[in-house]
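Here is a colleague's note to read beside the model. Take your time, and look up each residue as you go.

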Amino acid sequence: MSWFRRTEKGISTPTELKRETPDGLWYQCPECKNVVQTREHQQNAYTCPKCNYHDKIGSEAYFTILFDEGKYTELDKNMTSGDPLNFVDTKAYPARIKATVEKTGLKDACRTVYGKINGVNFTVSCMDFSFIGGSMGSVVGEKIARGIDHALKHKTPFLMISKSGGARMMEAGFSLMQMAKTSAKLALLDEAKIPYISLLTDPTTGGVTASFAMLGDLNIAEPGSLIGFAGPRVIKETIGKDLPKGFQTAEFVLEHGFLDFIVDRKDLKNELSAVVTLMMQNS
């Protein structure tokens with residue numbers, strides 16, 4: 001039974017020669033616990049090949065999935081938040097912004113870019129939940145507004161990918177003003193008959209849901225996304241009743257008429273180009 005025990009003593013392997021599994025080589029689905037190679041997970045648009053769970057991803061991943069050859073041009077890349085209220089909670093707001101920028105590599109919770117999706121010119125604004133919970137502050141509102149201006153100027157469809165916990169408390173009233181600002185800008189797109197597609201991802205809540213996220217010519221969502229205004233706990237305590245199964249999921253919201261359809265992320269690129277082409281032909 002020598003193959004089960006070491007018969008020679010004093011054998012050692014230098015650290016540099018030890019073979020270990022590299023970090024990030026495997027991905028485990030948090031829903032079904034299926035394990036696949038990270039590369040396979042990425043090639044599957046960050047969805048589980050077994051249960052189709054849609055993993056949470058950021059703007060860079062969406063842009064890579066959507067744009068032809070992953071090529072796009074970013075607008076207002078270096079725009080950052082000010083501190084109009086001199087806000088301090090556990091730390092000063094500027095310090096929180098600086099720490100988040102260093103941690104995420106992002107300037108704020110939204111990026112706006114333009115490029116081609118299956119040959120169709122698009123302007124896209126995408127939120128990043130990793131930046132202070134995807135909260136909507138002045139920079140988010142301004143980037144979306146400027147993205148709409150770009151769509152108006154170049155007559156491109158506008159896609160908004162929402163992923164947010166709502167308004168940013170550190171900017172208080174300035175944050176809430178972005179709801180009216182972005183909604184007014186979207187009205188200009190409607191007047192110009194330029195398509196606006198709103199994609200709601202997990203989670204889309206608060207003032208984002210109460211403004212631009214639900215104002216699309218088409219409101220669509222990824223499977224299983226949490227979509228709502230107030231959280232389930234707050235609603236339950238307010239009405240004093242248990243909530244239905246699946247409450248505030250994309251499927252529940254679709255069933256109750258607040259979405260046009262649910263789109264699998266793997267089909268998103270083709271669905272967007274096809275529906276926008278049809279809309280522009282009929283406008």
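**Notes on the predicted model**

1. T123 has F158 of β6 as its bridge partner. Helices and strands are DSSP runs, with helices being H or I over at least four residues and strands being E over at least two, all numbered from the N terminus. Between β5 and β6 there are 4 bridges, and the pairing is parallel; two strands pair if DSSP finds at least two bridges between them. To get from β5 to β6 the chain passes through helix α4 (residues 138-154), making a right-handed β-α-β crossover. Right-handed means that, with the strands pointing away from the viewer, the path from the first strand over the helix to the second runs clockwise.

2. Before going further, a word on the ground rules. This is a predicted model, in which local features need pLDDT of at least 70 and side-chain atom pairs count only at pLDDT 80 or more, while totals for chains, interfaces and linings use all residues. Residues are numbered from 1 along each chain as its sequence is written, and side-chain values use heavy atoms, with hydrogens and water left out.

3. How far can you trust the coordinates? The average pLDDT of the chain is 92, and 92% of the residues score at least 70; pLDDT is the predictor's confidence in each residue, from 0 to 100. Residues 15-22 have a pLDDT below 50, and beyond near neighbours in sequence this stretch has 2 contacts in the model. A contact means heavy atoms within 4.5 Å. Where pLDDT is low, the predicted coordinates should not be read in detail.

4. Now the overall picture. The chain has 9 helices and 9 strands, and its C-alpha atoms fill a box of roughly 80 × 50 × 45 Å along the principal axes. Of its 283 residues, 41% count as buried. Buried means under 20% relative accessible area, exposed means over 50%, and partly exposed lies in between (1.4 Å probe, protein chains only). Among contacts with a separation of 6 or more, 67% are between residues 24 or more positions apart.

5. Please look at β5 again, this time with its other partner. β4 and β5 run antiparallel and are joined by 8 bridges, with C110 standing opposite M127 in β5. Is β5 enclosed or open? Because 7 of its 8 residues are buried, β5 is largely enclosed by the rest of the structure. In a regular strand the side chains alternate between the two faces of the sheet.

6. N118 is not a glycine, and it is partly exposed, with a relative accessible area of 36%.

7. Where else does a residue other than glycine have a positive phi? A45 is a case, with phi near 60 degrees. A45 sits in the loop between α1 (38-43) and α2 (59-66), and it counts as buried at 7% relative accessibility.

8. D202 and P203 are joined by a cis peptide bond, with omega about -5 degrees. P203 belongs to strand β7 (residues 196-204).

9. Next, the charged pairs. Side chains of opposite charge can pair when their charged atoms come close. The count of salt bridges is 15, where a salt bridge is a side-chain nitrogen of Lys or Arg within 4 Å of a carboxyl oxygen of Asp or Glu. R111 and E74 form one of them, at 3.1 Å from N to O. This pair links distant parts of the chain, with R111 in strand β4 and E74 in strand β3 (residues 73-75), 37 residues apart. R111 is buried, with a relative accessible area of 11%.

10. Compare two further pairs on your screen. R168 and D108 form a salt bridge whose closest N and O atoms are 3.0 Å apart. R168 lies in the loop between β6 (158-164) and α5 (172-191) and D108 in the loop between α3 (93-104) and β4, so the pair ties together parts that are 60 residues apart in sequence. Both R168 and D108 are buried. D89 pairs with R96, the closest N and O atoms being 2.8 Å apart, and D89 is partly exposed at 30% relative accessibility.
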